[in-house]
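User: I would like to go through this model with you, one topic at a time. Could you take my questions as they come?

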Amino acid sequence: MNNFDFHNPTHIVFGKDRIFDLSSLVPAAAKVLILVGGASAEKTGTLAEVRQALGARAHRTFSGIEPNPSFETARKAIEMVREEGFDFLLAVGGGSVIDATKFIAAAVPFEGDAWDILLKRGSNITQAVSFGVVLTLPATGSEMNNGAVITRHDIGAKLPFRSRHLFPLFSILDPTKTYTLPVSQLANGVVDAFVHTIEQYLTYPVNAPLQDRFAEGLLQTLVDIGPRLLAATEPNYDDRASLMWAATLALNGLIGAGVPQDWATHMIGHELTAQYNIDHARTLAIVLPAMLQERRVQKHDKLLQYSQRVWGIHEGSEDQRITAAIHATRDFFERLGLPTHLGAYDLGQEAIDLTIRQLETHGMTRLGEHGEVTPAVSRRVLVAAL
Ligand code: NZQ
Ligand code: ZN
């Protein structure tokens, strides 16, 4: 096992009706800016519950944070916080609202051009406004980590950043808040959590059996509940709760502590979202099966382990078992309704050329656990995903 630091201060408040705990979680004297996406928080009644729980605290709402949140929209909120002196931010939404809130929290006290935060990947953040989260979409893990991803439309960039100042103070995880999600977002959530786990598990062995078992437990749970979540005519509380907790645990630092990490699939996926506005998880479904096929030699030992322990494949030669595991992964995504080819989005060779250029522009030229995913390798992956 590799050396590691693990520090995660986010207070998780899990279960039905926990939104009312906001009355004690938010500092009593706070002046609160609630941040939401489009219409969902209002329509579902969650926003009304949040306002009620805040009681007598001064608060206003900033709405309009879009999926794949933009620098441009975040800037408006930054102005509002500075002008009106809010000292606590409350994100009510999915990964996009949470990520935008993290960026706003860091940018408000930041001197200079806020885009520098992205260019330096967050290493220049020295403080942030405190913030909490009410999660409405289990997928990204942003509710219990210190990372975020922001899109800037004028230059077609979608870049990640992180800082130790950006853990939420608390996150409220009420599984019943997922009941209003469309099936497509539920499927996205399953796949995003699945691929987060894969990025930290499917690399090379470092004798970390506990992390492996954690990761395999998450993967098996997602394989188990994914199709059931989609097929259910009525939401099942326990399955929703399992999804919510699995998605959080998949990216809160626990399973990635002391093991190598990959993230090449994510970095290529971010470029596809920035250029073609494909949902985050859907880009991962396109890239991952082709990535595993391309890197099957480097990932040989873990692919075999994955094949046996996650998919229960015991028959055939080593090569056949690896092929079967990659096939099972692709089939899982397709069964959840996420296509695994660029062609499904009418994208071809031109899209590959642009994606590779953008990866180069953003310095994403030595990706993966060994830094071996060069633009040439990324190109082969995308060609295989045509
Ligand atoms: O905008 P509204 O009207 O709120 O609708 C949203 C949005 O259209 C809707 N929604 C959310 N909760 C709902 C709901 N609809 C009905 N009922 C509810 N309870 O769902 C749509 C998608 O929401 P979004 O927040 O965009 O989805 P997700 O949570 O998948 O977040 C995606 C973003 O997170 C980033 C992605 O790149 C993308 O920008 N990621 C963040 C990570 C992190 N911070 O650690 C890691 C991830 O790998 C990922 O990159
Ligand atoms: Zn992701």
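**Strands, metal site and cores**

Analyst: Val134 stands opposite Ile172 in strand E8. Please keep in mind that the model is a predicted one.

User: Understood. How many bridges join E5 to E8, and which way do they run?

Analyst: Three bridges join strand E5 to strand E8, residues 170-173, and the two run parallel.

User: And what about E4 and E5, how many bridges there?

Analyst: Strand E4, residues 88-93, is joined to E5 by six bridges, and these strands run parallel. Within that pairing, Leu89 is opposite Phe131, and Val92 is opposite Val134.

User: Which residue in E4 is the bridge partner of Leu33?

Analyst: The partner of Leu33 is Leu89. Strand E2, residues 32-36, is joined to E4 by five bridges, with the strands running parallel.

User: Is E4 covered on one face or both?

Analyst: Both faces are covered. Phe88, Leu90 and Val92 are buried on one side, and Leu89, Ala91 and Gly93 are buried on the other. Six of the six residues of E4 are thus counted as buried.

User: Why is E5 described as largely enclosed?

Analyst: Five of the six residues of E5, which spans residues 130-135, are buried, so the strand is largely enclosed by the rest of the structure.

User: Changing topic to the metal. What coordinates the zinc ion (ligand 2)?

Analyst: The zinc ion (ligand 2) is coordinated by Asp192 through OD and by His196, His266 and His280 through NE2, at 2.0 to 2.1 Å. Along the chain, these donors follow the spacing D-x3-H-x69-H-x13-H. His196 in helix H7 and His266 in helix H10 (residues 264-276) are 70 residues apart, and the pair links distant parts of the chain.

User: Are those two histidines buried or exposed?

Analyst: His196 is buried, and His266 is buried as well.

User: Now the packing. How many residues are in the largest nonpolar core?

Analyst: The largest nonpolar core has 46 residues. Those with the most contacts inside it are Val191, Phe194, Tyr306, Trp311, Phe332, Phe333 and Leu336. At least two residues of this core come from each of helices H7 (183-201), H8 (209-231), H9 (237-249), H11 (280-294), H12 (300-309) and H13 (318-335).

User: Which helix supplies the largest share?

Analyst: Helix H7 does, with nine residues of this core.

User: And what does Val191 touch?

Analyst: Leaving aside residues up to four places away in sequence, Val191 touches Ala281, Ala285, Phe333, Leu336 and Leu338. Another core lies apart from the largest one; it has 40 residues, including Ile65, Phe86, Ala105 and Ala106.

User: How many aromatic pairs are there?

Analyst: The count comes to eleven aromatic pairs. One of them, Phe194 with Phe333, is edge-to-face, with 5.8 Å centre to centre and 90° between the planes. Phe194 is in helix H7 and Phe333 is in helix H13, 139 residues apart, so this is a pair that links distant parts of the chain.

User: What is the geometry for Phe332 and Phe333?

Analyst: Their ring centres are 6.1 Å apart and the planes are at 45°, so the pair is tilted. Phe332 is buried, with a relative accessible area of 0%. The value for Phe333 is also given as 0%, and Phe333 is buried. Phe194 is buried, with a relative accessible area of 0%.

User: Which residues do ring pairs link into a cluster?

Analyst: The cluster consists of Phe194, Tyr201, Tyr306, Trp311, Phe332 and Phe333.

User: What about lysines over rings: where do Lys16 and Lys31 sit?

Analyst: Lys16 lies over the face of Tyr237, 4.4 Å from the ring centre. The charged end of Lys31 sits over the ring of Phe86, at 5.3 Å from its centre.

User: One last residue. Where is His362 found?

Analyst: His362 is in the loop between helix H14 (349-361) and helix H15 (375-384).

User: Why is His362 called buried?

Analyst: The relative accessible area of His362 is 12%, and buried means under 20%, so His362 counts as buried. Not counting residues up to four places away in sequence, His362 touches Arg121, Gly156, Ala157, Leu159 and Glu271.

Terms used:
Residues numbered from 1 in each chain as written. Chains lettered and ligands numbered in written order. Predicted model: local features only at pLDDT ≥ 70, side-chain atom pairs only at ≥ 80, totals over all residues. Heavy atoms only, no water. Core = buried A, V, L, I, M, F, W, Y, C linked by side-chain atoms within 4.5 Å. Buried < 20%, exposed > 50% of the residue type's maximum accessible area, 1.4 Å probe, protein only. Helix = DSSP H or I, 4+ residues; strand = E, 2+ residues; numbered from the N terminus. Contact = heavy atoms within 4.5 Å. Pairing = 2+ DSSP bridges. Donors = N, O, S within 2.8 Å, 3.2 Å for Na, K, Ca; no water. Phe/Tyr/Trp six-rings, centres within 6.5 Å; stacked < 30°, edge-to-face > 60°. Lys NZ or Arg CZ within 6 Å of the ring centre and 35° of its normal.
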